[in-house]
Structures are given as C-alpha cells and as structure tokens.
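This report goes through a model, from confidence and chain content to helix packing and backbone details.

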Amino acid sequence: MWITVVNIGWAVSAALVLWMVYDWFKVDTSYSEETLTSSREGEIEATSEKHKL
Amino acid sequence: MVQAAAASSAPVQKVSLLRVLGPAHVWALGVGIVLVGEYTGWNFAADKGGTLAALIICWVIGLLYTSVAMIDSEVTSTVAAAGGQYAQAKHIVGPLMAFNVALYLVFAYTMLEVSNAILIADTIKAYAGDGFGDWHYRGAIATVIVVLATLNYRGVLMTLNVNFVITAIAYLAIIVLFFSVQPWSQGAVLKLGEMVTPENALPYGWIGVIAGFHWGIWYYLGIEGTTQAAEEVRSPARSLPYGTMAGMITLLIGASLTWYICASLMPWQYLGFTYYPLLDAGKLTGSKTLETMMFIATILAAVASANGCINDAARAWFSLGRDRYLPTWFSAVHPKYRTPYRSILFLLPIALAFAFIANLGQAITFSILSGVLHYTFMSVNIIMFRNKWPLGTIRRGYTHPFHPLPAVVLFVLCVVTYFAIFLGYGAQLTAMVVFYIIMSVWFHFYRYRYVKRGDQFTMPWPKPRGY
C-alpha cells in the first residue's frame, strides 16, 4: 500500500510544483515589482496600535 | 504619453500579509512545531545520561524554554512584525545581530523541517516492508515538503487551521496512551520501578545529565516560532503571549507524560536508541489499536512541525528581503494569497536538497545549534530592551515577572547546552560558528551598503534611554 501511496505522492508533488511555478510566473507578470514588494514592516502597527500609555 | 505619466504617478497598490490569526493559531504554530520532539529526539538524552537524566533535563530545559517564552512574549507583544526575533534584534541590538538571528531562524526551522520529512519517511519505511526502496523513501520526503509548501503558499489561515487540527490529534494521542496504560496502577502495564533503579538511573553520573542537555532541547525546540506570526495575528499584544504561554504549558505537561509512559515501558538502553519512543510505547502495550494510533500520531506530529517550520522560515527570509539585508525580490507578497510566496518557493528546493543528503542526527543537531545560538541572543536582548525602554516608557502587551532572573537562567542554561553539544558534536558546533562568522563578515563589509538605514527601524517608539 505504502509503495502505491508514495508513487501517487511523487505525481502529486510534481503537479504541485508545476502549479506553483506557473502561479509564480503568472503573478510576476501580472503585477509590478513595486506592488509585490510594497509590504512594509510596522505599517499596521503604526496605524492601529499606537504606543500610548 | 499622458497615460504613462498618469500611471507612473498613480499610488502603488499595497500588498501586505493578512491579519487573520487568533491565539489558537499561535498555539497551533508553536505546539505544532515542537510536539514532534515528544515523538522522537528527546529520548536520545537517555542514551547520554540514563532515563532519570532525561526527566531532569525535561524539567531543567523546561525552565530554559519557560524563560524563552516569557521573554519572547514581552518583546514580541511590543515588536509585532514578521521575522519575530529578527525584528526584535534589529530594533534592540542592531543590524548585524538581526542578520545573524534571521540566519539562526532560517537554519533552525529549515533543518527542523528536513528532520521531520526524514522522520516521516523513516517511519513509513519501517512499516512498508520489502520493496520500499530509495525512490519511495525520497518520494515520501518530497511529498511531505512539497504538499506543505503548497499549503503555505496558498495562505496562512488554512495552513494554521490544518496545524491546529493535526497538532490537537497528536497531543490527544499522548493523553489517550497515558490513560490506556493505567498510570494509577503501577505494575499493571507500566513498570517504572523495574525500568529505573538506583543502579541504572544515572549510569554516567552527572556528566551524563549535562551531556543529555543537547537532546533535551528537542522536548521544546521551536516554541519561540510563535513570534513569526506577529504580523498576521489580529491582536499581537494579546494573542502572542496567550498562545505562547498556553503552548508552553501544553508542552510541559506533554513532555512529562511522555517521559513517564516511555520510562515505565523501556529500559534506558533501548529508550536512548529508538527513533520512535512513543510509537514503541504503543507497541509495548500489546494493543494493535494503540500502536496504530501512535503510528498515525507520529506522522501527524512530524507533518505539523514541518508545516510550521515552512511558515516560520519563509517569514524570516521574507523579513530579511524587506529590509534589504537580502535582495528585495524575496520580500514579495502574493496579491491573492497574501503569503511571502517567493521566500516559500526559494526555500523549497533547499529543504529538499538537505532532506535527500543529510541524516536525521545531523539535521537535528544543526537545528538545535541554531536554536541555542538564538536563545543566547534572547537573554542579552531582554536585558538591553529593559535598559533602553524601561517599564512605563512603551506599551507592552505582556510584562514578564522576576526580571532579570529568567534572562540569567536562560543564559546559564545555554552555556551548559553549548558544552553538551561540544561533547557530542564538537565539529558541527565549530563549523556552524565559523559559518555564522563568515556570514557576519559578508554582511558587514558587503551587504549592508544596500540597506536603507533609516527605513529599517519601524517601531513608533520614543528614543531609547541614554541616546
């Protein structure tokens, strides 16, 4: 049984890797680099959790 | 032309990590990463110092990690950013420390992920019988790593929901096993008095206890990973301390129960040798149901751990990119799934490569070493944090008691653990320290020129005392 499960696992893994690479390519070509890397540390912190004592 | 000009002046659409997690997810992340340590790893402490040493270490290392959890909860409830201890180090100590801490994190979690994948493949191989060759062994490793990477790629909420369920099942399995062996009736199934005698309790004396610290780390390694979720929890000041401390309590109970069951069923020579102490305990009860339950639970615990490790390593790597400590390319967030997808994809082949070439002992040791380096930093970090921003100067979600006692305890226990690692894996210890020194030199003389120095300090805090 385990041999069959692992063989299926190989196929699933290959399919998932292909999907991730495809999705990666799709995202990188659909959005600008500026948008994708626009996350900034502490932005939500600065707006929602003011350091007031 | 006009359109191009308008486009270039339009505000950039912001994409950031999603705040969707609660305390239960934090618990699932921390306990999920660690619980596999009860299923394998801690028991090698018995090989170094005997069964009683494993219990002493369980509680002493428990003290180390309680200090870690308390210190971490205080600092992270204030520095709520992905990267966890990396962001803490950056704000409190400085960029070089932060760079090293991030490397410790990435190494600790990636190697732990690798160890978990190897453990799952080993466990399946032990049950699969003839015909389960290298191809199948590697297939099990690849399946675990790739499926979990995909889960992480698709979103943090589902990733940690899955972790919550499988961690809870794996933990409940320990509780069920404990009550199944009638712990209230010594001699019925459990035979602690026969297994641990005054003659064999500490076969190598106290030096054996010290040597066992190395593997004792495995009881709790990774609980500090809860902080990596800081940027994705809805209320960091509440959820992180609550989830982390609840996780630590869960683990202290789980570790003690695990020791009691295993120490009462196996002689120390076997306990220190087996890769599957709880699975073997299930077998030794003679119940096929309990054996099957512990087999499933072993796999689930390892899956939960690998899943949490992928989550944490990717966030640490992502944070390095965001501050330009590494190319900013790594700091991309998926616009739909809101995950650090490039970091997840980048670390995927690295984990696979290590899992295919490393053995379990080496991978665990690299993970433990990086963890201990990281805990040493935390003891220094909290002293500096309290000195620079004393109580009352900034808002803290949690304030840990008895300062500086936890920091001192943590530092002393880390020094003892270094000695223990040196006794067993001196070459790896030296190699890793040399690696971190080389990386520090590279960062200081080459990479730091690309960092926008003012941009990296983001917390809206007052100036530190003395500056």
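The text below describes a predicted model.

**Confidence.** The mean pLDDT of chain B is 90, and 97% of its residues score at least 70. Among the elements of chain B, the highest mean, 96, belongs to helix 9 (residues 156-180), and the lowest, 47, to helix 1 (residues 2-9).

**Chain A.** Chain A contains 3 helices and 0 strands, giving the pattern α-α-α along the sequence. It has 53 residues, of which 30% count as buried.

**A helix pair in chain B.** Two packed helices are described by the angle between their axes and the distance between the axes. For helix 5 (residues 51-76) and helix 12 (residues 236-263) of chain B, the angle is about 175° and the axes lie 9 Å apart. Angles over 145 degrees count as roughly antiparallel, so helix 5 of chain B is roughly antiparallel to helix 12 of chain B. Helix 5 of chain B contributes residues including Trp59(B), Gly62(B), Tyr65(B) and Met70(B) to the contact, and helix 12 of chain B contributes residues including Pro241(B), Met248(B), Leu252(B) and Trp259(B). The residues of this contact comprise 15 nonpolar, 7 polar and no charged.

**Tyr153(B).** Tyr153(B) lies in helix 8 (residues 134-154) of chain B. Is Tyr153(B) buried or exposed? Its relative accessible area is 0%, so Tyr153(B) is buried, the cut-off being under 20%. Leaving aside neighbours within four places in sequence, its contacts include Trp19(A), Met20(A), Asp23(A) and Trp24(A) in chain A, and His334(B), Tyr337(B) and Leu345(B) in chain B. Tyr341(B) is also among these contacts; the C-alpha atoms of Tyr153(B) and Tyr341(B) are 5.6 Å apart, although the two residues are 188 residues apart in sequence.

**Backbone details.** Most residues other than glycine have a negative phi, and most peptide bonds are trans.

| Residue | Phi | Relative accessible area |
|---|---|---|
| Gln182(B) | about 50° | 31% |
| Arg338(B) | near 60° | 23% |

Gln182(B) sits in the loop between helix 9 and helix 10 (192-195) of chain B. Arg338(B) is placed in the loop between helix 15 (288-322) and helix 16 (341-357) of chain B. The peptide bond from His403(B) to Pro404(B) is cis, with omega near 10°. Pro404(B) belongs to the loop between helix 17 (360-388) and helix 18 (405-445) of chain B.

Conventions. Residues numbered from 1 in each chain as written. Chains lettered and ligands numbered in written order. Predicted model: local features only at pLDDT ≥ 70, side-chain atom pairs only at ≥ 80, totals over all residues. Heavy atoms only, no water. Helix = DSSP H or I, 4+ residues; strand = E, 2+ residues; numbered from the N terminus. Buried < 20%, exposed > 50% of the residue type's maximum accessible area, 1.4 Å probe, protein only. Axes fitted to C-alpha atoms, helices over the stretch in contact; angles between N-to-C directions. Parallel < 35°, antiparallel > 145°, perpendicular 65-115°, else oblique. Contact = heavy atoms within 4.5 Å. Nonpolar A, V, L, I, M, F, W, Y, C, P; charged D, E, K, R; others polar. pLDDT = per-residue confidence, 0-100.
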